[in-house]
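User: I would like to go through the packing in this model. Could we start with the aromatic residues and then turn to the cores?

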Amino acid sequence: MSKENMVISFQQLSIVSNLHYENHKKARKKAVKFFEKLDEDGDGWITKEEVMGSKLVTDLGKNFMKKALKGVDGDADGYITFDESKSLLYLSEYSKRKCRACGRSLRYGHGFSCIQCVQEQADDFNLCYRCFESRGIEHARHGYLHFLHDFAFLNKLLEMSLPALPHRLLSPVEVSHSSDL
């Protein structure tokens, strides 16, 4: 993560999304469904046209999606693989976070998340600045000790050990038939 402007690179986003979607069974299944929904023709690849015709454009914006497609296409082959699609899903889900106390939408850099919930594979617990500072909501499971600001939260995820990634990219069919799902 760049300390000058506190942005996460697409390479770092790929690491974070792989950590999330490979270490959580529910999230892994969600990633497979997400890929299959975007891969309209079922050929095992997502094209720019398939993404630009999806709800992601409505959720994240056309200009953002054009830039995101370039960033997540790590090998610049013009197609989004299953592994690359996990970054798109993570962007989509992260942009939909809501404060658990007041319900406000949380943009990147404007919230706090409980790292302990993530490590325990529990539901995400996010708070906006105001609610975090006022301590207006009780986090019964972990209190306030495990909350990290967005920048620190993503840095912590990057520090977590990343399981060995396959030498080749798996198709969603191979992933959905994996014995550990």
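**Aromatic pairs and nonpolar cores**

Analyst: W45 counts as partly exposed, because its relative accessibility is 38%. Please note that the model is a predicted one.

User: How many aromatic pairs turn up in the whole structure?

Analyst: The search finds six. One of them is edge-to-face and joins F35 to F82, with 5.7 Å centre to centre and 80° between the planes. F35 belongs to helix α2 and F82 to helix α6, 47 residues apart, and the pair thus links distant parts of the chain.

User: Are F35 and F82 buried or exposed?

Analyst: Both F35 and F82 are buried. W45 and Y79 form a tilted pair, at 6.1 Å centre to centre and 55° between the planes. This pair also links distant parts of the chain: W45 sits in the loop between α2 and β1, and Y79 in strand β2, 34 residues apart.

User: Which residues do ring pairs link into a cluster?

Analyst: The cluster consists of F112, F125, Y129, F132 and F147.

User: Now the cores. Which residues have the most contacts inside the largest one?

Analyst: They are V51, L56, M65, L88 and Y90, in a nonpolar core of 28 residues. Elements giving two or more residues to this core include α1, α5 and α6. Another core, of 13 residues, lies apart from it, and C99, F125, Y144 and F147 are among its members.

User: What does M65 touch?

Analyst: Leaving out residues up to four places away in sequence, M65 touches V51, M52, L56, V57, L60 and L88.

Key. Residues are numbered from 1 along each chain as its sequence is written. This is a predicted model: local features need pLDDT of at least 70, side-chain atom pairs count only at pLDDT 80 or more; totals for chains, interfaces and linings use all residues. Side-chain values use heavy atoms; hydrogens and water are left out. A nonpolar core is a set of buried Ala, Val, Leu, Ile, Met, Phe, Trp, Tyr and Cys residues joined through side-chain atoms within 4.5 Å. Buried means under 20% relative accessible area, exposed over 50%, partly exposed in between (1.4 Å probe, protein chains only). Helices (H or I, at least four residues) and strands (E, at least two) are DSSP runs, numbered from the N terminus. Contact means heavy atoms within 4.5 Å. Rings of Phe, Tyr and Trp (its six-membered ring) pair if their centres lie within 6.5 Å; planes under 30 degrees apart count as stacked, over 60 as edge-to-face and the rest as tilted.
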